[in-house]
Amino acid sequence: MKIACLNDLEDYAKGALDSNAMNYYSSGSQDMITLRDNQNAFDRYQIRPRVLRDVSKINTNFELFGQKFDYPIFIAATAMQKMAHVTGEVGSVRAANSRNINYCLSSISTSTIEEVGKAAEQVSNNTRLWFQLYIYNDKNKTLDLIRRAEASGFKAIILTVDTPYLGRRLPDIRNPFKLPSHLSLINISSAKQDFDSQTLKSGENSSWLARYFAENINPSLTWDDLVWIKSVTHLPIIVKGVLVAEDAKLCVKYGADAIIVSNHGGRQLDSIPATIDSLAEVVAAVNSKIPVLLDGGVRKGTDVFKALALGATAVFVGRPNLWGLAYNGEDGVKLMLDLLFEEFRLAMALSGCTSLSQINENYIKASPYFASKL
């Protein structure tokens with residue numbers, strides 16, 4: 001069957017990946033209410049198209065942090081991509097940079113920071129790379145990751161702030177995730193690769209990854225840690241995991257250079273808002289002082305359009321990158337991106353917009369099918 005949309009890629013991946021990888025990639029926390037709502041929430045908004053406008057030329061270019069991008073669609077940081085395809089993060093970054101968009105590397109990747117930086121350089125003289133960072137109990141380990149990212153050509157640091165502990169992921173408790181023996185969290189030399197699952201208590205949230213987070217990631221972070229990160233690098237700091245106005249204002253106060261509205265793909269606290277439902281609140285709170293980006297549930301070009309209409313500068317896709325890898329490695333990721341680009345260009349044209357600057361709140365409204373009956 002010819003792949004026509006991102007959902008087709010996901011369907012393919014479900015049959016191609018083993019259960020260990022698929023459960024890890026696709027699961028969310030607890031009852032996965034937020035995971036499902038991240039996608040469903042986009043249907044609660046409708047586009048208000050304008051007609052009789054010259055849309056023969058569509059410009060999707062924009063600039064952020066001094067870099068130019070061809071589309072406001074980036075690849076989000078997702079962990080352990082070599083479980084999807086042998087090329088892993090290297091294939092993903094090559095695909096992203098070949099399309100002149102941004103690629104974000106996870107701290108818990110299966111390719112090194114240096115490998116990913118070199119792969120991007122082989123594709124583009126102007127590499128488009130951001131590094132996703134957790135703050136470890138050992139701050140020297142955190143600082144080492146930052147220095148390596150700087151030396152490898154990364155242009156920004158994404159500080160993930162919604163993971164003081166790993167969310168309770170029931171599929172991972174029922175069938176504990178285990179990183180395949182031929183792979184490792186290669187950027188972290190002290191990462192333990194396995195454990196005896198027979199020692200777990202029934203219902204204990206102690207898969208290999210949950211234990212790794214409990215032992216290594218610092219749960220005592222405060223806004224002072226954002227100040228510390230700002231003090232040790234010249235790179236822009238993007239705070240990922242903000243959903244409410246109060247925290248958005250604190251991001252501005254403590255010097256964040258941008259915000260990513262994110263609920264970690266529905267993998268942390270369940271029953272929290274979908275990211276598209278939180279976006280307008282965060283955008284209003286920052287009052288144009290810093291850019292606001294979004295991840296979570298983006299699967300269609302119309303999703304991208306709706307997010308930009310509500311104030312996002314750009315959006316990220318995470319799981320679709322994994323489905324593209326599972327389909328055909330680097331070329332599968334390129335296919336995924338090209339499908340989304342084409343859908344977004346068409347959404348712009350059929351809405352009467354020829355540039356990103358024209359997309360605003362006047363092009364969107366709440367769907368009457370989801371209006372409250374209270």
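Which residues have the most contacts inside the largest nonpolar core, and how many residues does this core have? Please take me through the surroundings as well.

Modeller: Happy to! Please keep in mind that this is a predicted model. The largest nonpolar core has 122 residues, and those with the most contacts inside it are Phe74, Trp130, Leu209 and Phe344. Helix 13, spanning residues 319–351, gives the core its largest share, with 13 residues.

Let's take Phe344 from that group.

Leu179 sits in the loop between helix 7 (170–174) and helix 8 (208–216). With a relative accessible area of 3%, which is under 20%, Leu179 counts as buried. From Leu179 to Gly265 there are 86 residues in sequence, and their C-alpha atoms lie 20 Å apart in space.

Finally, here is a helix pair. The axes of helix 4 (residues 88–98) and helix 5 (residues 113–123) come within 9 Å and cross at roughly 30 degrees. That crossing of helix 4 and helix 5 is right-handed. On the helix 4 side, the contact is made by Glu89, Val90, Val93, Arg94, Asn97 and Ser98. Helix 5 meets them with Glu115, Val116, Ala119, Ala120, Gln122 and Val123. By type, the residues of this contact comprise six nonpolar, three polar and three charged.

Conventions. Residues are numbered from 1 along each chain as its sequence is written. This is a predicted model: local features need pLDDT of at least 70, side-chain atom pairs count only at pLDDT 80 or more; totals for chains, interfaces and linings use all residues. Side-chain values use heavy atoms; hydrogens and water are left out. A nonpolar core is a set of buried Ala, Val, Leu, Ile, Met, Phe, Trp, Tyr and Cys residues joined through side-chain atoms within 4.5 Å. Buried means under 20% relative accessible area, exposed over 50%, partly exposed in between (1.4 Å probe, protein chains only). Helices (H or I, at least four residues) and strands (E, at least two) are DSSP runs, numbered from the N terminus. Axes are lines fitted to C-alpha atoms, for helices over the stretch in contact, and angles run from 0 to 180 degrees between N-to-C directions. A crossing is left-handed if the near helix is turned anticlockwise from the far one by less than a right angle, and right-handed if clockwise. Contact means heavy atoms within 4.5 Å. Ala, Val, Leu, Ile, Met, Phe, Trp, Tyr, Cys and Pro count as nonpolar, Asp, Glu, Lys and Arg as charged, and the others, Gly among them, as polar.
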